[in-house]
Amino acid sequence: MVQFFLESDRIAEFVAHLKGHKPVFAPHLKGDKSYAFSLVEDPAGVVLDYNRTMHSVKKYFMPPREKLLTFDLTENSCEGGQVEPVNAIFLGVHSYDLAAVHRLDHNFAEGQAEKNYLTRRQGAVFIGVSYEPDQYHFSGSVGIDPQDTRGFDIFLTKLLDGYVLEVLTPEGEKLMQGLDLPAHETGKPARGHFQQHIYVPQTKLNTVMAAGYDNEIWEQTAKKCVGCGTCNVVCPTCYCFNVEENVDISATKGDRQRSWDGCMLRDFSAVAGGEVFREGLADRQRHRVFRKFKYLSDTTGKPWCVGCGRCTAYCTADISIVSIVNHLVADYEKTVVAPI
Amino acid sequence: MTNQFSSDTAPIELKDLYLPVMAEITDIKKMTELETLYTVQLPDGAELGHKPGQFVEVSMFGIGEAPFSISSSPTQRGVFELGIRKVGMLTDVMSRYQVGHKLGIRGPFGNGIDVEKFKGKDVLIVAGGIGLVPMRSMINYVIDNRDDFGRLIICYGSRSDKELLFVDELKQWTDDPRIEYHVTVDHGSPEWTGKTGVITTLIPTLDLDLPNTVTCVCGPPVMYRFVLLALKSKGLPEGNIYMSLERRMKCGVGKCGHCQINHTYVCQDGPVYHYPDIKALQEAL
């Protein structure tokens, strides 16, 4: 594996070099303390040392709103929405966010493969960056290290005065052509420590969840929860969507769009006639948490939560997914007699 | 390591899952105040190719899309039927449609009824209210392949005699010596001469060859628990029970998440479930 040293002073040069290949999307400061992925115009605006972006790179492969078809009401006809490959470089992606993209890949490729997502996904190159876990990150508990290079084309690991740059795929090699960086001879620094942990090995999470279906934590959480759906919207592995019609002001044409939806919202499970199949907030909280740690994990063997901490960091009611899971773990352990 | 999405073009020729085909309404029969039966024909008379118990997504541009059970049997060729209750915006608009109007259709979706599991057995259909719409697909399939099945027993419950669906066919079922048809209404009008009471009252009096009877149940959410109790106290083995469930199947292709019951997607693994597979799912029944 080839390793280079990217000095802090040369980051802008590196970004400018990347821009010569493909459009580059990277984290930028938004307001005083938030970060967001956006198209790089000025290389100096790129921030590689950040805690988390409010939304993950999911928004580029499954946009918050997307046209599924356009229709003509005079003709009563329709045609499919046009989708283009994203074909871009994603710079400064944290390991949990790429892990989330891989889970989305599974969702949209499994069963009936979906053209919209899989087309957009084409041509995406990922350059990862290590991060220092803050009070919300817990991806170590779901098997994703801050320096996890799996799936990246290039990975940057932070040193005091720059980054160790590892080239991991032929696509990564292509991007490095024409950029002269010194080789990095010494090792990589130790990874940062997590402040948040789920207190059970991830292989046991399914069992803990199954035992916690009727736990009182769901009602306790429901007392605080306001059902706003923020946790769904910021989650990098939530992919549920709603479909809506938009009619043009001429009332002769329009389009059908899908938009991000959330299982924490009451109408999510409503059917015509008024029946709501997941009425209580406790039921909805359980559904959300079970989707991350049980339902999809049972079939794929992987937790669907990647430990980014967004749902907790942005929760309007101060609900922590780690606390919920640890409550279940603690109650589960009470029921298990420890072997001597 | 390789990047499997490295190609910058869209090389994979994938079908657009969300694009409907335009089908024509060829007949409309008003069944009750709220329910109407629409006969629909795909372009060039193409077959829908469905199984009993499956559903389609019906589109009306500018209004939206919603899932509807297919009410006709696959043995009916060239066209298919949708029995639709006027209950929301889409169905309200649809109730004003005329013959010749076109609808967008996607599907068929869902697993449908595995008719092989019913072949050679006595078939018991338990349908509550609008639950008869999907069950009629199975009933007519059995009638059209009569010798493949044992007895055909139909238990149908409706809120009132004014809300009975497919009344012409109900009469045929009553007259057909090879169909055991039982009906009850919750509240009968003065003209009603039949049984009064909820659907569960029909089950205890049935004379069933229990090990050889397979049932499919469909009705409003509240009905399942009580019908199950009645079937179990009758002694019907759990493994002989199938049920068709309703949820909000928005995309029909296992992507949008709306129809999920615990771990299962109704649009993929359902809407027809084998009772032993879902009896432990608290969100199901």
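**Working chat: two chains, one predicted model**

Reader: Which order do the strands of the open sheet in chain A take?

Author: The order is S5-S4-S11-S10 in chain A, 4 strands with antiparallel pairing. Strands here are DSSP runs of E, at least two residues, and helices are runs of H or I, at least four, both numbered from the N terminus. Two strands pair if DSSP finds at least two bridges between them.

Reader: Before we go on, what kind of model is this?

Author: This is a predicted model: local features need pLDDT of at least 70, side-chain atom pairs count only at pLDDT 80 or more, and totals for chains, interfaces and linings use all residues. Residues are numbered from 1 along each chain as its sequence is written, while chains are lettered from A and ligands numbered from 1 in the order in which they are written.

Reader: How many bridges join S10(A) to S11?

Author: 7 bridges, to strand S11 (residues 253-260) of chain A, and the two run antiparallel. Val247(A) has Gly254(A) as its bridge partner in S11(A).

Reader: What sits in the loop between S10 and S11 of chain A?

Author: Ala251(A) lies there. Its phi is near 60°, a positive value in a residue other than glycine.

Reader: Is Ala251(A) buried or exposed?

Author: Ala251(A) is exposed, with 10 other C-beta atoms within 10 Å. The cut-offs: buried is 20 or more other C-beta atoms within 10 Å of the residue's own, exposed is 12 or fewer, partly exposed is in between, with C-beta atoms placed from the backbone.

Reader: Which residue of chain B has phi near 45°?

Author: Asn262(B), again positive in a residue other than glycine. Asn262(B) lies in the loop between strand S13 (260-261) and strand S14 (264-265) of chain B. Asn262(B) is partly exposed, with 17 other C-beta atoms within 10 Å.

Reader: Where are the cis peptide bonds in chain B?

Author: One runs from Gly107(B) to Pro108(B), with omega near 10°. Pro108(B) lies in strand S6 of chain B. Another runs from Gly270(B) to Pro271(B), with omega near 5°. Pro271(B) is in the loop between helix H5 (266-269) and strand S15 (272-274) of chain B.

Reader: New topic. How many residues of chain B are in contact with chain A?

Author: 43 residues of chain B, against 45 residues of chain A. Contact is C-beta atoms, placed from the backbone, within 7 Å.

Reader: Which element of chain B gives the most to that side?

Author: S4(B), with 3 residues. The residues on that side of chain B divide into 17 nonpolar, 15 polar and 11 charged. Nonpolar covers Ala, Val, Leu, Ile, Met, Phe, Trp, Tyr, Cys and Pro; charged covers Asp, Glu, Lys and Arg; the others, Gly among them, are polar.

Reader: What about the overall size of chain B?

Author: The C-alpha trace of chain B spans about 70 × 50 × 35 Å along its principal axes. Buried residues make up 48% of its 285 residues. Chain B has 6 helices and 15 strands.

Technical notes
Two residues are in contact if their C-beta atoms, placed from the backbone, lie within 7 Å.
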